[in-house]
Amino acid sequence: MGRARRHPRHRARGGLAAPLTQPWWVEEALEAGLGGEPAPTLAGDTDADVAIVGGGYTGLWTALALKEREPTLDVVVLEADECGRGPSGRNGGFCHGYWAHLPRMRERFGDAGAVEVAKASEAIVPGVRALAEAEGVDVWLREAGMLRVSAAPAQDAAVLEEVEAARELGVPDEAVALSPEELAARIDSPVFRGGVFLRDSATVHPGRLALALRRAVAGKARLHEHARATDVSEGVVTTAHGRVRAREIVVAVNAAAAGWKPLRRRVTPFGSYVVLTEPVPELLDAINWTGGEAVLDGRMFLHYFRTTNDGRVLMGSGSGPIGFGGKIDDRFFADEATIGRAERGLRRLLPGLAEAKVTHAWGGPIDVSSDHLPFFGTVPGTRIHYGAGYSGNGVGPSWLGGQILARLALGADDELTRLPLVTRRVPMLPPEPLRRLGGGLVRASILACEEAEEQGRRGPLPARVGAALPRLLGMSVGTR
């Protein structure tokens, strides 16, 4: 079900300062005493009511939701590495639902479906807050909302789409337009042209959240780490040293799902990287960024950035390599070009932080679906359930995914299992090698166009044609 990777340590080329490191989130969480000895691997065969493959956010939330609904269930969680060492411990920590995705959801689900999903997602932040309180763990939850900013003329329309969608759906408070002056009062940059404030959003410490979940699950279910699943079939999950026989199986493996036959035509791995600065609270004061808002720009391959409790700044770039045939290889963990784009984004978008030294950089694959929204379901003719395709927005939606998957495993038919996230038909991706070749062409075209736009130029015609292909084919690349 995919292989976990350790980051080699080296320095990016091209004069940039970012060293490639382990995710700082995990280091900090372990230093805070939230770790512990690894859970035992699976040794021999065992029986369970539910077997969950994957000990990241989705698998752990699913285990907790199952035990909450049916406390007597025997639940086994199998994690290939240690909980928090995969995507759940290396993301940007943006924790929000789907009010911020109304334009895309209206296109995919219609108005009614978009509102249903957005309303269901309102329970995400309270769910994270409740876990932190129950476990007594400070997960750095900061409910400060999110800003989407335009940093080039070509981004203006995309940013304001959210305002128009919220107004047309009768929820104008969910996306409030900000003038350049209003935006500067929250975060001041000479590059920003205006933006939108999105209420329903927070930030968290991903490593602390992952380990808080691990702690909660270890007290309620059987957790096995370093227990990589080598095969999932009806009623049985096989690892190198044992098997779990279970009537219900949940597969929640993020980007590794691209190598699993039932999902490989609906999800592909895509690289995402972040850089992190030293603490610079005085520089944050100088640019008015003291409210804790998460920030996204209006690019298709967006920059996403946020502050931490100790005054660091994280800048991410969702522009990394595309997988081939679902394989997760070293390209996803040591892509210097994407590290460079993340750091250049930091310097361009926030010139007031020019003196901030970058101390950490890391990245890895994310699971991107063909329409850039997650999907949940059951393999036909089996009791094997799955959730995948978060497309870079999984910290919050994984809570909702856990609720959905628990209900699917228990055979429930309710308002969550009837959401479009479960019932829609997810478009199929092209077969290989067309997917890799076509995806690479489109990615390069979009990057060329967006870099030209940020420099005040129009992208070259071949790049504009390549960038337009996904929409013509009814597919999504990047944020649109």
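This is a predicted model: local features need pLDDT of at least 70, side-chain atom pairs count only at pLDDT 80 or more; totals for chains, interfaces and linings use all residues.

Residues are numbered from 1 along each chain as its sequence is written, and side-chain values use heavy atoms, leaving out hydrogens and water.

**The sheet and its helices**

Helices (H or I, at least four residues) and strands (E, at least two) are DSSP runs, numbered from the N terminus. An open sheet of 8 strands has the order β5-β6-β4-β13-β14-β15-β12-β16, with mixed pairing; two strands pair if DSSP finds at least two bridges between them. At the edges are β5 (176–178) and β16 (358–369), each pairing on one side only. From one strand to the next, the twist averages 20 degrees. Within the sheet, β4 (residues 146–150) and β6 (residues 194–198) run antiparallel and are joined by 5 bridges. Here leucine 147 stands opposite phenylalanine 197 of β6.

Angles run from 0 to 180 degrees between N-to-C directions, with axes fitted as lines to C-alpha atoms, for helices over the stretch in contact. Helix α9 (residues 336–349) lies across β12, β13 (294–297), β14, β15 and β16, at about 125 degrees to β15.

**Rings and charges**

The whole structure holds 8 aromatic pairs. One of them joins tryptophan 260 and tyrosine 386 edge-to-face, with 6.5 Å between centres and 70 degrees between planes. This pair links distant parts of the chain, 126 residues apart: tryptophan 260 is in the loop between β11 (242–251) and β12, and tyrosine 386 is in strand β18 (residues 384–388). Buried means under 20% relative accessible area, exposed over 50%, and partly exposed in between (1.4 Å probe, protein chains only). Tryptophan 260 counts as buried because its relative accessibility is 8%, and tyrosine 386 counts as buried because its value is 7%.

Some rings have a charge over them, meaning that NZ of Lys or CZ of Arg is within 6 Å of the ring centre and within 35 degrees of the ring normal. The table lists two examples.

| Charged residue | Ring | Distance from ring centre |
|---|---|---|
| Arginine 186 | Phenylalanine 197 | 4.3 Å |
| Arginine 331 | Phenylalanine 332 | 5.1 Å |

**The nonpolar cores**

A nonpolar core is a set of buried Ala, Val, Leu, Ile, Met, Phe, Trp, Tyr and Cys residues joined through side-chain atoms within 4.5 Å. The largest has 82 residues, and those with the most contacts inside it are Trp61, Val75, Leu102, Met105, Leu209 and Ile404. Helix α3 (residues 102–120) gives the most to this core, with 8 residues. A second, separate core of 30 residues includes Leu183, Tyr273, Val295 and Met315.

**Two asparagines**

Which loop holds asparagine 254? This residue is in the loop between β11 and β12, and its phi is near 55 degrees, a positive value in a residue other than glycine. Asparagine 288 also has a positive phi, near 70 degrees, and lies in the loop between α8 (281–286) and β13. Asparagine 288 counts as partly exposed because its relative accessibility is 33%.

Key. Contact means heavy atoms within 4.5 Å. Rings of Phe, Tyr and Trp (its six-membered ring) pair if their centres lie within 6.5 Å; planes under 30 degrees apart count as stacked, over 60 as edge-to-face and the rest as tilted.
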